[in-house]
Amino acid sequence: RWVEETCEEYGLDDDQRTKVREAAVKRFETFLTENRSQIQPLANKFIEMRMALEPPSKEGVRAWAERALPVLEKTRDQIRESNDAFRKVLRPSQRAKFEVDALQMSAGMAIAEQKLKGWKEGEVDKDVFWEPLPADRRQRHAKWRP
């Protein structure tokens, strides 16, 4: 699905679409297969911690982040490799748009990495990490209003 949306976004022709589809699907299927045993439990735990009735402990978030950081780093490296391959099939006008998008993606990954590093060091703000029940959410938002 991501490949199809990306092909549309960049206006790739049929030849480009075929190259991108074949490379991306193979690359990410392999990556996900090789890393599923790490990714799936981390994703499940993240959702459980965010949606729990009580905020997670700092220790729980720290332990999760410690396990998640290497997976994020692998994912970042995989995305960089994919971006390098994608660049090679783009025409100059397509590449210009892509470079802007790649910078934004890189910035987003850097922010996520910094957040994980902070959590790993115990810098956990439950109001950022945890999603409270609606009543608690309203109370929290009321506290933030001037």
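Modeller: Let us begin with helix packing, which is described by the angle between two axes and the distance between them. Here the axes of α3 and α4 come within 9 Å and cross at roughly 170°. Axes are lines fitted to C-alpha atoms, for helices over the stretch in contact, with angles from 0 to 180 degrees between N-to-C directions. Helices (H or I, at least four residues) and strands (E, at least two) are DSSP runs numbered from the N terminus. The model is a predicted one, in which local features need pLDDT of at least 70 and side-chain atom pairs pLDDT 80 or more, while totals for chains, interfaces and linings use all residues. Residues are numbered from 1 along each chain as its sequence is written, and side-chain values use heavy atoms, without hydrogens or water.

Colleague: How is α3 oriented relative to α4, parallel or antiparallel?

Modeller: With that crossing angle, α3 is roughly antiparallel to α4. The cut-offs are under 35 degrees for roughly parallel, over 145 for roughly antiparallel and 65 to 115 for roughly perpendicular, the rest being oblique. The residues where α3 meets α4 divide into 16 nonpolar, two polar and 10 charged. In this count Ala, Val, Leu, Ile, Met, Phe, Trp, Tyr, Cys and Pro are nonpolar, Asp, Glu, Lys and Arg charged, and the others, Gly among them, polar.

Colleague: At what angle do α2 and α3 pack?

Modeller: The angle between α2 and α3 is about 175°, and their axes lie 10 Å apart. These two helices are therefore also roughly antiparallel to each other. Where α2 meets α3, the residues comprise 15 nonpolar, seven polar and six charged.

Colleague: How many helices and strands does the protein have?

Modeller: There are six helices and zero strands, and along the sequence the pattern reads α-α-α-α-α-α. Of the 146 residues of the protein, 30% are buried, where buried means under 20% relative accessible area, exposed over 50% and partly exposed in between (1.4 Å probe, protein chains only). Among contacts (heavy atoms within 4.5 Å) with a separation of 6 or more, 69% come from residues 24 or more positions apart.

Colleague: Which residues of α1 are buried?

Modeller: They are V3, T6, C7 and Y10. These residues lie on the same side of α1 because they cover an arc of only 100° around the axis, judged by the directions from the helix axis to the C-beta atoms. The buried residues of α1 pack against α2, α3 and α4. Just after α1, G11 takes a positive phi of about 65°.

Colleague: Is A24 buried or exposed?

Modeller: A24, which is found in helix α2, is buried at 10% relative accessibility. Apart from its neighbours within four places in sequence, A24 is in contact with W2 and V3. A24 and S82 are 58 residues apart in sequence, yet 7.0 Å apart in space, C-alpha to C-alpha.

Colleague: How many salt bridges does the structure hold?

Modeller: Side chains of opposite charge can pair when their charged atoms come close. The structure holds 16 salt bridges, each a side-chain nitrogen of Lys or Arg within 4 Å of a carboxyl oxygen of Asp or Glu. One of them joins R21 to E4, with the closest N and O atoms 2.8 Å apart. That pair links distant parts of the chain, since R21 belongs to helix α2 (residues 14–51) and E4 to helix α1 (residues 2–10), 17 residues apart. R21 is partly exposed at 32% relative accessibility, and E4 is partly exposed at 34%.

Colleague: What is the N to O distance between the side chains of E113 and R76?

Modeller: E113 and R76 meet in a salt bridge at 2.8 Å, N to O. This pair too links distant parts of the chain, with E113 in helix α4 and R76 in helix α3, 37 residues apart. Both partners are buried: E113 has a relative accessible area of 12%, and R76 has 17% relative accessibility. Elsewhere, salt bridges that share partners join E4, E8, R17 and R21 into one network.

Colleague: How far apart are the closest N and O atoms of R91 and D13?

Modeller: In the salt bridge of R91 with D13, those atoms are 3.4 Å apart. R91 lies in the loop between α3 (58–89) and α4 (92–120), and D13 in the loop between α1 and α2, 78 residues apart. R91 is partly exposed at 38% relative accessibility, and D13 is partly exposed with a relative accessible area of 36%.
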